[in-house]
Amino acid sequence: MEDTVQEEALPLLRQTQLRKCLSESQLEELERFCKTRTRKAGTTLFRQGEPAEALYLVAEGSIELRARPPGRRVYRTVEFVQSNCTFGDEALFAEDSYLMSARVMEPAKLLVLPRSAFERLAGERPDIAVGILRCSGSCLLHTVRRSAILTQAPAAVGLRHLLLELADANGDAPARSGPLRITHAQLAGVLHLSRETVSRMLAQMASEGLVELGRGAIRIRQT
């Protein structure tokens with residue numbers, strides 16, 4: 001299901017982290033293997049447990065990754081994927097199924113590389129396949145680093161760090177004038193806190209003039 005007519009892939013490829021891993025000629029070759037997709041906020045791209053059929057690269061927008069832990073009946077937010085990075089990396093690493101569900105948070109422009117296309121690249125153009133793996137690895141390292149910071153830092157510090165990082169990734173720095181379309185429950189999932197704890201900390205930040213709270217949105221104030 002597509003929301004708009006497919007765009008040319010090359011301009012979007014240049015917006016992703018791949019521009020640091022591949023040359024212009026390699027990006028031009030990769031364009032033949034990629035599809036572009038534009039998706040509205042709230043669209044589910046794939047669900048946890050479904051076959052890992054493609055790698056996704058975010059050219060614009062943001063994606064919420066959700067998972068249902070063993071023994072739990074509800075899904076929790078586990079990560080946010082911002083512009084320039086990848087998700088659905090299971091398709092590159094011989095995983096049969098996706099480990100998490102992916103849902104669009106902000107309207108997104110995506111590049112989709114089918115698993116079969118990556119396998120073809122690995123055989124015909126291993127240099128490009130290596131560049132894709134480097135890009136994927138860089139994004140995964142970023143996720144690991146952020147997770148380590150958020151789980152080890154004091155809760156209030158972790159919350160502010162996450163909000164500032166998300167605002168910067170959305171292109172709102174330095175003014176940070178645009179609101180983050182994000183819920184307290186989503187923040188709680190990534191921070192491994194209760195929604196009530198996050199709501200209390202956000203209320204404290206609002207009283208200090210650091211943020212403005214709206215329904216499903218948070219605006220970072222200039223400091």
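Leu30 touches Leu13, Leu18, Leu22, Leu113, Leu121, Ile128 and Ile132, leaving aside residues up to four places away in sequence (contact: heavy atoms within 4.5 Å). The model is predicted: local features need pLDDT of at least 70, side-chain atom pairs count only at pLDDT 80 or more, and totals for chains, interfaces and linings use all residues. Residues are numbered from 1 along each chain, and side-chain values use heavy atoms, without hydrogens and water.

Leu30 belongs to the largest nonpolar core, of 24 residues (buried Ala, Val, Leu, Ile, Met, Phe, Trp, Tyr and Cys joined through side-chain atoms within 4.5 Å; buried means under 20% relative accessible area, with a 1.4 Å probe and protein chains only). Leu18, Leu30, Leu113 and Ile132 touch the most other members. Elements giving two or more residues include helix 2 (24–31), strand 6 (101–114) and helix 4 (126–152) (DSSP runs numbered from the N terminus; helices are H or I, at least four residues, and strands E, at least two). A second, separate core of 22 residues includes Met105 and Leu150.

In helix 2, Gln26, Leu27 and Leu30 are buried. These residues fall within an arc of 100° down the helix axis, so they line one face (the arc is taken over directions from the axis to the C-beta atoms). They pack against helix 1, strand 6, helix 3 and helix 4.

One disulfide is found in the whole structure (cysteine sulfur atoms within 2.5 Å). Cys85 and Cys139 form this bond, with sulfur atoms 2.0 Å apart. The S-S torsion is about -125°, so the disulfide is left-handed.

Conventions:
Buried < 20%, exposed > 50% of the residue type's maximum accessible area, 1.4 Å probe, protein only.
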